[in-house]
Amino acid sequence: ALFTGMRMQEILQLYLEDVYQKDGIWVLDLNTNHKDKNLKTPQSRRLVPIHKQLIDLGFLDFVRDKKTTNTSPRLFEDAKVASDKTYSSTFSKWFSRYLKNLGIKTDKTSFHSLRHNLKDSFREAGVSDELAENFMGRSTGSTGEAYGTGFSLKKQHEEINKIAFQHILPSRPNCQ
């Protein structure tokens, strides 16, 4: 969520086929191509370029492993659909308990905090609010947003990779 700005439900309902390359850029395809998938808003349907640091952390290796070992076509097959027909309601409760067990749970910390952190990171990197909102599947509500076709995948990829999550991948010491 920190690297993609995706909502919990968007992540948990991903299928292996939703991770692919388009125009040389690895993406997560947020769609409703399966009956168990739903999107919060029309703006939620989007391609999310995968941040280079997430790739460096082994995300594509994780996907490749899942493609060979999964018995399910879903990326996170262990997330089960709850009675409200979402994957997120059960996981949300688990994540809250996890934060509490780590001793970092407050009234303002939750899985959704990761989306807030990405938004702050876009601001710090000088990325336009319109692109940041588009990237995260939200609408700015501006009239101009309705014109044109939006930001290219290439532009979104460039902008997300302006953000360096140094606390996730610290610099390696110079080994001389």
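**Exercise 1. Packing of helix H7**

Task: In this predicted model, find which strands and helices the buried residues of H7 pack against.

Solution. Step 1: list the buried residues of H7, which are Leu153, Gln156, Glu159 and Ile160. Step 2: look at their directions around the helix axis. They cover an arc of only 130°, which puts them on the same side of H7. Step 3: read off the partners.

**Exercise 2. An aromatic pair**

Task: Classify the ring pair of phenylalanine 3 and phenylalanine 165 as stacked, tilted or edge-to-face.

Solution. Step 1: a pair of aromatic rings is described by the distance of the centres and the angle of the planes. Step 2: the pair is one of eleven aromatic pairs. The ring centres of phenylalanine 3 and phenylalanine 165 are 4.7 Å apart and the planes stand at 70°; planes over 60 degrees apart count as edge-to-face, so this pair is edge-to-face. Phenylalanine 3 belongs to the segment before helix H1 (8-12) and phenylalanine 165 to the segment after helix H7 (153-160), so that the pair links distant parts of the chain, 162 residues apart. Step 4: check burial, for which the cut-off is under 20% relative accessible area. Phenylalanine 3 has 8% relative accessibility and therefore counts as buried; phenylalanine 165, at 1%, is buried as well.

Ring pairs also link Phe91, Trp94, Phe95, Tyr98 and Phe111 into a cluster.

**Exercise 3. Salt bridges**

Solution. Step 2: lysine 119 lies in helix H5 and aspartate 129 in helix H6, ten residues apart, and the pair links distant parts of the chain.

Task: Which residues do salt bridges with shared partners join into one network?

Solution. Step 1: the network consists of Arg7, Glu10 and Arg46. Step 2: within it, arginine 7 and glutamate 10 meet at 2.8 Å, N to O. Step 3: arginine 7 is buried at 13% relative accessibility, and glutamate 10 is buried at 3%. The structure holds ten salt bridges.

Note on methods:
Residues numbered from 1 in each chain as written. Predicted model: local features only at pLDDT ≥ 70, side-chain atom pairs only at ≥ 80, totals over all residues. Heavy atoms only, no water. Phe/Tyr/Trp six-rings, centres within 6.5 Å; stacked < 30°, edge-to-face > 60°. Helix = DSSP H or I, 4+ residues; strand = E, 2+ residues; numbered from the N terminus. Buried < 20%, exposed > 50% of the residue type's maximum accessible area, 1.4 Å probe, protein only. Arc of directions from axis to C-beta. Contact = heavy atoms within 4.5 Å. Salt bridge = Lys/Arg side-chain N within 4 Å of Asp/Glu carboxyl O.
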